[in-house]
Amino acid sequence: MAMSSGRSNQEIVPFSGDLEVPVQPVDVQRQDSLYLDATRPAHGGHHAGRDSWLRTLRLGFQCVGILYADLGTSPLYVYSNTFKYGIGHEDDVLGVLSLIIYSFLLFALIKIIFIALYANDDGEGGTFALYSLISRYARVALIPNQQAEDELVSSSSRHRKPSAPFRRAQWMKNLLEASKPAKLTLFFLTIFATALAISDSILTPSISVLSAVNGLKLRSPNLTTDQVVWITVGILVAFFAVQHLGTVKIGYTFAPIVVIWLLLISGIGIYDLIKYDVGTLKAFNPKYIIDYFRRNKKKGWVSLGEILLCFTGTEALYADLGYFSIKSIQLSFSFGLLPSVLLSYIGQAAYLRKHMDMQYVPNAFFNSIPSTLFWPTFVLALTTSVIGSQAMVSCAFATMSHLQTLSCFPRVKILHTSSRYSGHLYIPEVNFFLCVASVIVTISFRTTGFIAKAHEICVALVMVITTLLMTIVMLLVWKVNILWIALFFAVFMSTETIYLSAVLYKFTQGPYFPLAMSAVLMVIMMVWHYVHVKRYKYELQHTVSPDEVKTLLERHDLKRVPGLGLFYTELVQGIPPIFPHLIEKIPTVHSVIVFISVKHLPIPHVDVSERFLFRQVEPKESMVFRCVARYGYRDTLEAANDFVATLVEYLQYYVRDLSLYCTAEPLRTSYPSIRIDSFSWDKKHSGHGSGIHAEEMLTPIQSFSELTMHQVGMSSRLGIFQPAKMNLEEMLRIEEDQKVIQREVDNGVVYILGETEVVAKPHSNLIKKIAVNYIFNFLRKNSRKGEKMFSIPRGKLLKVCIAYEI
């Protein structure tokens, strides 16, 4: 059928993102069971099961190529930046080496690898994952994201004898929930750290590739700065162009190169240690740190900013947890990266203790290697520096995915590049943005010095924010002994604050640049999240009740036109408020209406037989249904025609089964993958009578394919489930309902989408008007549209314009 587009103007907007009603403290009730069923597939599950050693070793090998190149190339520039003004005393080398050793062990190994990796949100790491985890245990998020399972654990613990850790957790929970400033501060710190991480993803490719290409000047002195810059730009473009291949392919490609690099620098470190000064191992005595600060005072404190560069990349490693597993990272880090990097630093220190002249310091790494290994080492250093950008790019993809989960960023296309591991992502829009931004930074600043100082502020600030969030997790989620929490906070907060102060001292020399970029990203996140919260609250308060829907459908002036209307909504819990307003403005709806919510689950695939969940809206004769279409992260959305064909087929099954197994409870069965139009059952159940009893209901784990086998006598495994006894009249009514659905499909299918126009109220202040009327609407218009996601043909699309004043 042909139908013209209609537009209505009301103060409502459809909701963007997964909506979740705040759960009750004890019984965890939803509006209906459709929400919980939609998030819990009958078969399949997340890959995060028990890891085999083979899988752990395979992921550990990929870790080397994806995560460790940035950390592995830090020996190229740490000493040259720290001693850029020369070495005043030979023991200063031991002091700096001791700082490097213990900083690396403390911040990288202990804090990140053996503590922070366990503070993950369903396998995802990073500061945003910490915020999400905290939000599950305390209502600090402006949009609640508690899972039913979390509340059940919480409620069951109420009946236990309160322990000291539990009382502290309850105190922390009450403190966070009761204080609006605490909620806002927590959210602000989280998006600030997230924005810094994304900004660092722009800086890392620029500095890594530019510093590597600069090494060409050692053998080609005539190479100009412009030539170096344009060579760098070419490499950056090529690097981002291969990101679509996926993390697995990139990891297997890069890993052998990084492994050879780590073996090489560790071997050179051992060679330098033996050749120049075995006594350099004295640096493991922390007294040399005290002596270093005593001799150098302010100069030693300022140098902490450059020493900080030795563990840049550890926060990205934490954010990239979703790509791998905890065991694989711990194994490859402890036995691969750690000894190799420390041996390289020790070997360079041994060389510098014998070569303290200023001519040797700027190129300490290359000067310390045997002359016969210069070119192989240089080529590997160049290649590994390029590879070092991969960790930050992967971090940006993982971070953006998490931002999408909590609706803090405009909708972008997220591709999963692995059928085995859900954390392997590729986001075309983000990849393009990072490429363009990195090229602009490279062309604009042309040298590595400015970018290096910008790096420091990103690392230092994210370190401090991570420690704050980790402390809350320990109190609220882990409920560990208070002495361990106090020790963790005291050690890391005190040391990280000292590093941060050293970086801020040089604020005008570069650190302001990532802060400016982060400010832009924060504005985007805060505006998008603010409007999203306002829309969420409206949807939550105006969900249409079943009685209201029944009244609407029974209106005497409501016209039912031929055809099937597919009403797309992201509200799983019930009928969205846009529906009554549409009827109010245009009292005409299709003969068959299906409210469709597309739900993506954290598993690779959802079988077609389990894809659709249906509920019928009363009154039954109105032919209005609710449907959730469930997809795994590797499933692709079908074209509109194919989607409708499959949906109608399974809707027919639902209509049949709703009467065949008549019950007041909603059916929780999956449907067969082949069409069965005949009704049959065991002869002993034939005749007239009432339906089955409640205790004869099919359990959720039993599939309809087994059910059908029981009906036709092919299996006796499901004796507890018997079909309802029905007469010929009831069978004919079911057949007629099925024919009605098919007839309306033949009459035409119309796809109904809401188009929102969100504006600030007239009396709003200027800042709010700018944020809502200009920034948000600009972002909304340039984000992915629903019709593109669902491949809806334009000729069958009906858009309803909805204006909402906030």
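Which helix gives the most to the lining of the second largest cavity? In this predicted model, helix 9 does, with 4 residues.

A search of the whole structure finds 6 cavities of 30 Å³ or more.

The largest cavity has a volume of about 230 Å³. It is lined by 25 residues, of which Ala197, Glu315, Ala316, Cys395 and Val462 are the closest to its centre. At least two lining residues come from each of helix 6 (127-137), helix 9 (180-214), helix 15 (314-319), helix 19 (389-405) and helix 21 (448-478). The lining of the largest cavity divides into 13 nonpolar, 9 polar and 3 charged residues.

| Helix pair | Axes come within | Crossing angle |
|---|---|---|
| Helix 5 (residues 90-113) and helix 12 (residues 287-296) | 8 Å | roughly 125° |
| Helix 5 and helix 22 (residues 482-504) | 12 Å | roughly 130° |
| Helix 5 and helix 16 (residues 326-354) | 10 Å | roughly 170° |

The axes of helix 5 and helix 12 cross at roughly 125°, which makes helix 5 oblique to helix 12. Helix 5 passes helix 12 in a left-handed crossing. On the side of helix 5, the contact involves Asp91, Asp92, Leu94, Gly95, Val96, Ser98, Leu99 and Tyr102, which meet Tyr288, Ile289, Tyr292, Phe293, Arg295 and Asn296 in helix 12. This contact contains 8 nonpolar, 3 polar and 3 charged residues.

For helix 22, the axes cross that of helix 5 at roughly 130°, so helix 5 is oblique to helix 22 as well. The crossing of helix 5 and helix 22 is left-handed. Helix 5 contributes Leu99, Ser103, Leu106, Phe107, Ile110 and Lys111, while helix 22 contributes Val491, Phe492, Thr495, Glu496 and Tyr499. By class, the contact has 7 nonpolar, 2 polar and 2 charged residues. Leu99 of helix 5 takes part in the contact with helix 12 and in that with helix 22.

How are helix 5 and helix 16 oriented, parallel or antiparallel? Their axes cross at roughly 170°, and the two helices are therefore roughly antiparallel to each other. The contact of helix 5 with helix 16 divides into 20 nonpolar, 2 polar and 3 charged residues.

## Backbone features in loops

Lys297 lies in the loop between helix 12 and helix 13 (298-302). Phi of Lys297 is near 50°, a positive value in a residue other than glycine.

The other position is Pro619, in the loop between strand 5 (612-617) and strand 6 (624-632). A cis peptide bond joins Glu618 to Pro619, with omega about -5°.

Notes:
Residues are numbered from 1 along each chain as its sequence is written. This is a predicted model: local features need pLDDT of at least 70, side-chain atom pairs count only at pLDDT 80 or more; totals for chains, interfaces and linings use all residues. Side-chain values use heavy atoms; hydrogens and water are left out. On a 1 Å grid over the protein atoms alone, a cavity is a set of points where a 1.4 Å probe fits but cannot get out, and a pocket is an open set with protein on both sides within 12 Å along at least five of seven lines; lining residues have an atom within 4 Å of a point. Grid points are joined across faces, edges and corners, and a volume is the space filled by probe spheres set on the points. Ala, Val, Leu, Ile, Met, Phe, Trp, Tyr, Cys and Pro count as nonpolar, Asp, Glu, Lys and Arg as charged, and the others, Gly among them, as polar. Axes are lines fitted to C-alpha atoms, for helices over the stretch in contact, and angles run from 0 to 180 degrees between N-to-C directions. Angles under 35 degrees count as roughly parallel, over 145 as roughly antiparallel, 65 to 115 as roughly perpendicular and the rest as oblique. A crossing is left-handed if the near helix is turned anticlockwise from the far one by less than a right angle, and right-handed if clockwise. Contact means heavy atoms within 4.5 Å.
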